[in-house]
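Please read these notes with the structure open beside them. They are written for someone new to reading protein models.

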Amino acid sequence: MACGAAREGKSDTASLELLPSAPRKMNENKPGGSQNSTCVFCRKNDDCPIKYGEKKTNEKWNLTVHYYCLLMSSGIWQRGKEEEGVYGFLIEDIRKEVTRASKLKCSVCKKTGASIGCVAPRCKRSYHFPCGLQRECIFQFTGNFASFCWKHRPVQIITPNNCRDSLLCTICLEFIEPIPTYNVLRSPCCKNAWFHRDCLQVQAVNAGVFFFRCTICNNSDIFQKEMLRMGIHIPEKDASWELEENAYQELLQHYEHCDVRRCRCKEGRDYNVPDSKWEIKRCQCCGSSGTHLACSSLQSWEQNWECLECRSILYSAGEFEKAKKHALPNTNVGINDCLLEESSPKLPRQSPGDQRKDVLRQGSKFRRDISTLIIELGFQVKKKPKKVFINKANIWNSALDGFRNKNFNPSYTIEIVYVNENDHFGREQPGSKQEFLSLLMQQLENSPLFEGSLSKNLSLNSQALKENLYYEAGKMIAISLVHGGPSPGFFSQTLFNCLAYGPENTQPILDDVSDFDVAQIMIRVNTAATVADLNSLVHDYYKYLELIGCLRIITSISDKYMLAKDILVYHVIKRVQAPFESFKQGLKTLGVLEKIQTYPEAFFHIFCHKPENLSAKILSDLFTVHTLSDVQTLGFWNSYLQAVEDGKSTVTMEDILIFATGCKSIPPAGFKPSPSIECLHMDFPVGNKHDNCLALPITSTYKEFQESMDFAIKNTLRLEKEENSHFI
């Protein structure tokens with residue numbers, strides 16, 4: 001993760017006094033040990049996670065940093081793994097950055113050690129992170145982690161007539177002046193929503209990237225983008241209330257308290273015995289008041305009962321027929337003392353429907369869809385780019401060579417570079433990562449590593465096993481998912497269940513058998529009508545059944561079911577145990593298998609089913625117009641999409657998507673960057689797969705537009721197929 005451009009600075013040995021040159025073990029149990037240490041960047045002892053980020057001490061090197069001070073320093077990069085050094089920043093890099101900063105004087109406090117610099121051109125201001133906050137600098141916790149001084153910081157611009165005397169901060173509900181300043185920000189999606197900066201930052205830290213959104217309209221994309229621009233740090237974590245143990249426990253509690261004014265139960269108001277007169281009945285409207293059946297003269301649980309507040313509302317609305325007053329047996333208590341009692345102070349109302357208990361107990365587990373899960377996996381990808389050279393005529397071997405390269409790291413950003421072995425000049429062409437991953441998944445689906453027609457299982461290929469190709473196949477699928485590529489979509493349910501739940505919990509079916517001879521044996525077993533038929537079958541295939549360990553003595557016709565099950569389990573699961581274990585290890589890359597096993601229902605669809613068919617509406621919504629375009633051409637574009645959907649063109653919806661993006665379907669996490677269209681004065685359309693941009697030709701008639709689109713798309717894809725099939 002790059003943290004900004006490095007700044008020049010000579011070495012200064014004096015700064016090394018902050019960092020001991022030899023490791024020294026601190027006493028971890030010493031009270032207040034880490035609290036008394038100061039940050040090596042800002043030299044402050046403050047421990048305020050909201051303001052400066054988490055304060056962390058490396059006990060081995062006696063080194064303490066604030067997370068934000070480290071993250072925003074201009075001359076340091078995260079070169080290690082998260083568990084290395086401090087947050088993945090290596091100790092040697094931190095020492096070098098402190099050395100560099102020791103030559104820079106803070107523009108605010110005039111002391112040395114200013115490790116953060118303004119990124120504005122020709123601006124030479126440097127400052128400590130706390131000093132920058134004091135002078136109202138902007139720190140952007142995204143992209144290159146840029147910092148802007150008080151003179152060059154980004155601002156929000158609004159028209160003066162939108163300002164009113166005073167408005168409420170929609171978080172703390174205190175009045176603020178609706179004028180955009182450093183401490184007052186406006187929502188980009190709701191023009192009447194204003195916030196204190198401090199309120200927003202606290203909300204962002206608590207909500208995390210999944211739940212931080214506009215408090216008025218719940219928009220997250222536009223809102224988060226603007227808040228990041230204005231210096232709000234949105235941590236890549238789940239919301240704090242989702243991480244708290246038993247956070248929703250109170251929602252799962254039944255209200256069990258008798259609230260009538262004169263409770264007749266000698267055991268007390270909280271006494272509750274089901275199926276008796278002392279069972280507590282809750283208000284059928286709010287569920288947050290209760291009564292013993294006997295205390296309100298209820299003959300059974302099925303009788304309706306409303307508390308005083310709900311009954312008065314219904315009565316006032318004319319929806320309740322006034323009950324006749326009557327005296328309870330052997331008592332002077334009337335209806336005003338039981339059915340219309342004043343309720344005692346209420347507990348929080350119960351959740352609507354006890355069927356939601358399990359969902360609430362599991363927190364956010366069941367609320368995440370597949371796109372959210374894949375985006376979450378994508379957070380592991382660092383911004384450090386790694387080039388992978390691909391020969392389009394030999395996608396499979398190129399991918400194997402690239403992924404097996406000792407310098408390849410699946411957590412680095414992949415940059416695809418297309419090369420041609422026949423090009424003697426060695427020219428390189430930037431490629432589309434999603435196009436490459438889409439082609440790779442097609443190669444994988446048609447490879448001898450899998451068997452079956454539509455729903456595939458692993459095959460037993462001794463040469464592939466020897467070359468460790470099953471591991472590489474699992475690794476390829478994991479990389480495709482995490483890096484925004486397509487999903488497989490061709491797994492059988494049996495193969496997926498083996499991965500998600502384990503082979504021991506999976507029962508294969510006859511459709512999983514692709515071997516014709518084995519399928520014939522299974523059919524004979526299932527259609528055997530007598531014990532003689534079964535014994536005849538066992539005699540015919542004696543050596544085969546003995547070899548696979550399925551030979552059994554037949555005593556009754558019901559034995560055929562166990563025999564069929566044994567043959568199925570061997571052929572589909574046990575026979576390919578070695579390839580399966582190797583494939584599973586590859587799928588563990590970047591934590592994909594663990595995610596599948598945690599959320600199997602979410603991943604099942606994208607592993608076992610092809611994406612939905614494209615339509616004119618889907619493509620129209622997918623492509624956005626980023627520049628001022630020709631209105632007539634955009635109209636032609638929409639008409640063309642409808643014509644393709646209606647079969648009035650020689651191309652298909654998939655052809656259009658492949659032409660523009662290189663993918664025949666929309667990846668589970670969507671395209672990055674988002675597909676866009678522009679209108680240009682040219683003869684034919686142009687698809688820029690690297691940027692997912694489709695340039696449309698500006699024509700005078702729709703007929704010319706359609707002919708141009710059909711000709712270019714059809715012939716471009718034909719040439720690409722011929723080039724790709726040449727090697728095969």
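1. Basis of the notes. This is a predicted model, in which local features need pLDDT of at least 70 and side-chain atom pairs count only at pLDDT 80 or more, while totals for chains, interfaces and linings use all residues. Residues are numbered from 1 along each chain as its sequence is written, and side-chain values use heavy atoms, with hydrogens and water left out.

2. The whole chain. The secondary structure comes to 27 helices and 21 strands; these are DSSP runs, numbered from the N terminus (helices are H or I with at least four residues, strands are E with at least two). Of the 728 residues, 46% count as buried (under 20% relative accessible area with a 1.4 Å probe, protein chains only; exposed is over 50%, and partly exposed is in between). Among contacts (heavy atoms within 4.5 Å) between residues at least 6 apart in sequence, 62% join residues at least 24 apart.

3. Four strands form an open sheet in the order 18-19-21-20, with mixed pairing. Two strands pair if DSSP finds at least two bridges between them. Strand 18 (624-625) and strand 20 are the edge strands, and each pairs on one side only. Strands of a sheet pair through backbone hydrogen bonds, either parallel or antiparallel.

4. The partners of strand 21. Strand 19 (residues 676-680) pairs with strand 21 in the parallel sense over five bridges. In this pairing, S676 stands opposite C693 and I677 stands opposite L694. Strand 20 (residues 686-688) runs antiparallel to strand 21 and is joined to it by three bridges; here the bridge partner of G687 is L694. The hairpin of strand 20 and strand 21 has four residues between the strands, and N692 takes a positive phi near 55 degrees in it.

5. The setting of strand 21. Why does strand 21 count as largely enclosed by the rest of the structure? Five of the five residues of strand 21 (residues 693-697) are buried, so the strand is largely enclosed. In a regular strand the side chains alternate between the two faces of the sheet. Here C693, A695 and P697 are buried on one side, and L694 and L696 are buried on the other. Helix 26 (residues 653-661) lies across strand 20 and strand 21, at about 60 degrees to strand 20. For such angles, axes are lines fitted to C-alpha atoms, for helices over the stretch in contact, and angles run from 0 to 180 degrees between N-to-C directions.

6. Strand 13 and strand 14 (residues 412-419) run parallel, joined by eight bridges; K382 has Y412 as its bridge partner.

7. Helix 23. Which residues of helix 23 (residues 600-608) are buried? They are P600, F603, I606, F607 and C608. Their cover includes helix 11 (370-378), helix 15 (469-482), helix 16 (493-501) and helix 22 (592-598).

8. An exposed residue. L173 is found in the loop between strand 7 (167-168) and strand 8 (175-176). L173 counts as exposed because its relative accessibility is 57%.
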